[in-house]
Amino acid sequence: MFVSEAFAQASGAAPAAGGAFGSGLEMLFLFAPLMVVWYFFLIRPQRAQLKKRQETLSAIRRGDQVVLGGGISGKVNKVIDDNEVEVEIAENVRVRVLRSYIAEVRVKGEPVKTEAAK
């Protein structure tokens with residue numbers, strides 16, 4: 001059932017050129033296009049999305065409507081520093097929020113989306 005390597009060589013069979021997995025060059029030709037496809041379909045769009053989010057978060061100013069990660073919406077009352085803002089979530093209720101916890105920024109002139117009035 002199993003044939004030893006010595007018996008296979010003695011019977012006239014040609015040995016494999018690169019072993020069981022082929023040569024390193026063949027592996028490179030196999031994985032190089034795969035890496036290019038991964039870059040263009042996964043890595044590049046993700047970097048662009050991250051850059052756009054960073055720009056949006058850094059452009060937050062007083063008066064912007066924001067939605068926090070937990071779904072709470074409010075209005076930016078004061079920009080404290082590069083990492084924190086003060087958000088008014090109800091009348092006279094203000095919380096300090098890290099910018100990274102802001103899920104969505106609605107610019108001052110953009111209305112809140114609600115169901116169409118009948």
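## A pair to start with

Let's begin with two charged residues: the side chains of Arg106 and Glu104 meet in a salt bridge, with 3.5 Å from N to O. Keep in mind that this is a predicted model. Side chains of opposite charge can pair when their charged atoms come close.

How open to the surroundings are the two partners? Arg106 counts as buried because its relative accessibility is 17%, and buried means under 20%. Glu104, with a relative accessible area of 35%, is partly exposed.

## A second salt bridge

How many salt bridges does the count come to? The count comes to two. Besides the pair above, the side chains of Glu84 and Arg96 meet in a salt bridge, at 2.6 Å from N to O. Glu84 lies in strand S3 and Arg96 in strand S4 (residues 93-98), so this pair ties together parts that are 12 residues apart in sequence.

Arg96 reaches 55% relative accessibility, so Arg96 counts as exposed.

## A buried charge without a partner

Now look at Glu86, which is found in strand S3 (residues 84-90). Is Glu86 buried or exposed? Glu86 is buried, yet has no salt bridge. The nearest side chain of opposite charge belongs to Arg94, 4.1 Å away. Glu86 has no salt bridge because the cut-off for one is within 4 Å.

Which residues does Glu86 touch, leaving aside those up to four places away in sequence? They are Lys75, Val76, Asn77, Lys78, Ile80, Arg94, Val95 and Arg96.

## A positive patch

Arg62, Lys75, Lys78 and Arg94 form a positive surface patch. One of these residues, Lys75, sits in strand S2 (residues 73-79). Lys75 counts as partly exposed because its relative accessibility is 42%.

## The whole protein

Step back, and the secondary structure comes to two helices and five strands.

How much of the protein is buried? Of its 118 residues, 15% count as buried. The protein exposes about 9,900 Å², and carbon and sulfur atoms supply 59% of that area. Finally, consider the contacts between residues at least 6 apart in sequence: 35% of them join residues at least 24 apart.

Technical notes. Residues are numbered from 1 along each chain as its sequence is written. This is a predicted model: local features need pLDDT of at least 70, side-chain atom pairs count only at pLDDT 80 or more; totals for chains, interfaces and linings use all residues. Side-chain values use heavy atoms; hydrogens and water are left out. Patches are made of residues with over 30% relative accessible area and no salt bridge: like charges are joined within 9 Å, nonpolar side chains (Val, Leu, Ile, Met, Phe, Trp, Tyr) within 5 Å. Accessible areas come from the Shrake-Rupley method with a 1.4 Å probe; for residues, only the protein chains shown count as cover. Lys and Arg count as positive and Asp and Glu as negative; His and the chain ends are not counted. The place of a charge is taken as NZ of Lys, CZ of Arg, CG of Asp or CD of Glu. Helices (H or I, at least four residues) and strands (E, at least two) are DSSP runs, numbered from the N terminus. Buried means under 20% relative accessible area, exposed over 50%, partly exposed in between (1.4 Å probe, protein chains only). Contact means heavy atoms within 4.5 Å.
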